[in-house]
Amino acid sequence: MNGPTEFFTLHCNGIKLAKKDGLFGKSDPFVVIKRQDNVPFAYSEVVDNNLNPYWKPIVLDVAAAGGMQARITVTVTDFDDDGKHDLIGKFSCSVQELVSQTGKQHQLLDSRNKKAGQFVVSKADREVKPRPMAYDVTFTAKKLPRMDGIMGKADPFLKVFAKNPSGGHRFVAKTKYVNDVTNCTWESIQLTDRLCGGHEAPLTLRVYDYDADGTHDFIGECNTTLREIVSADPTFLLINKKLQQQGGYKNSGVVGVVRQCTTQPTNDEVPASITLSLKGHKLSKKDFMGKSDPFLSIKLGSQEIHKTEVKKQDLEPVWKDFTLDVARCGGLDSELTWEVYDWDKNTSNDLIGKISLTLREVTYYNKNPVFGLVNPSSKDKLGYKNSGFLVFNGVIQNKGPQGGFPPGGAPQQGGFPPQQGYGA
């Protein structure tokens, strides 16, 4: 159970900060407080064009810092819209010194050890409370690039990934897409301490432009933490590394948080099984002079977890509902391969297309129930986009060993393309 934790709400300001934005500019300062191991654990918002800023209250988690006697470093940095932020100055002290010496002007020193202004904590309010374990977060985006041609805009959606200890990234959550915008506010999504790996664990936010053929275009990404996301008015620059080499490129838009509130961590619950209602759509023809005889195979590594029945001569197959045991699938976060084959009586079955999805991603099917199937042997062919689609008509998470849809089957999602507002 999450026990009480000591927090301090710091009221801070800067005095006569160094200029970083040229002869006629000032600075756009923000605060990051780091532990002794250089891991950030407290943040302010960016204050535009101000050498004497007053920041919104900064929340300091004493346990995250390492205790009252732990050494910490307070950094004040100038925000730049290319992501190459410039250090204004920093100083080190203990948590005890920072919260008890209110009104003291801490000297900021730059990278050359020169004076760069002062930092003041005018007030430190102490509170003991349980650390929140989950948040409902509403993200916003501004100044996204036009991905759909000169006359179009973009259909953006956001995905959150956590870093796996063994390497790679693990899907955490995603939004629906918003149609034809360059500025948008997405629906709220739940982020939990457990799924994110802790408040200070690295997260990646990625924004894509939705395309109905499943070839969603990457817009940009940023690295952050759950702690930063739920801090005061964070600003995240979306960067597309492939475009950074182009002259004049700065970023691919800005992501912020317009609302966050604590909630119960319902996304941490792991069902015993998941019942699925699936169909294929616009599957490729594999039988000469015919259609295809498709079936779906779901695999964890090389182990087949489930295989559906074969649907003869059908490019729009609707398979019978089935239930997957979550433990047998390696949990909600193990990558499964969903392969659609054309059954052949006398020869080996032909792969139509496949996609990799975790069960956690499947539980977000209502954001967009349609996933493109790709055949690796065809993906490099000119003009190739996909070999059809896998469509989730219904997903039920079962707490017990038994489960399924009510009589009459799963509620239908409707035809393709998906309804406006779905993401991928």
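Between which strands does the loop that holds lysine 16 lie?

Analyst: Lysine 16 sits in the loop that runs from strand S1 (4-15) to strand S2 (29-34); strands are DSSP E runs of at least two residues, numbered from the N terminus. The model is predicted, so local features need pLDDT of at least 70, side-chain atom pairs count only at pLDDT 80 or more, and totals for chains, interfaces and linings use all residues. Residues are numbered from 1 along each chain as its sequence is written, and side-chain values use heavy atoms, without hydrogens or water.

The backbone at lysine 16 stands out. Its phi is near 50 degrees, positive in a residue other than glycine. Most residues other than glycine have a negative phi. Lysine 16 is also exposed, at 66% relative accessible area (exposed is over 50%, with a 1.4 Å probe and protein chains only).

Lysine 143 belongs to the loop between strand S9 (134-142) and strand S10 (156-163). Lysine 143 counts as exposed too, with 69% relative accessibility.

S2 gives two or more residues to the lining of the largest pocket, as do strand S3 (40-43) and strand S5 (71-78), among others. A pocket is an open set of 1 Å grid points where a 1.4 Å probe fits, with protein on both sides within 12 Å along at least five of seven lines; lining residues have an atom within 4 Å of a point. This lining has 31 residues, with His85, Asn223, Thr224, Glu228 and Phe236 nearest the centre. S15 supplies the largest share, 5 residues.

Conventions
Helices (H or I, at least four residues) and strands (E, at least two) are DSSP runs, numbered from the N terminus. Buried means under 20% relative accessible area, exposed over 50%, partly exposed in between (1.4 Å probe, protein chains only).
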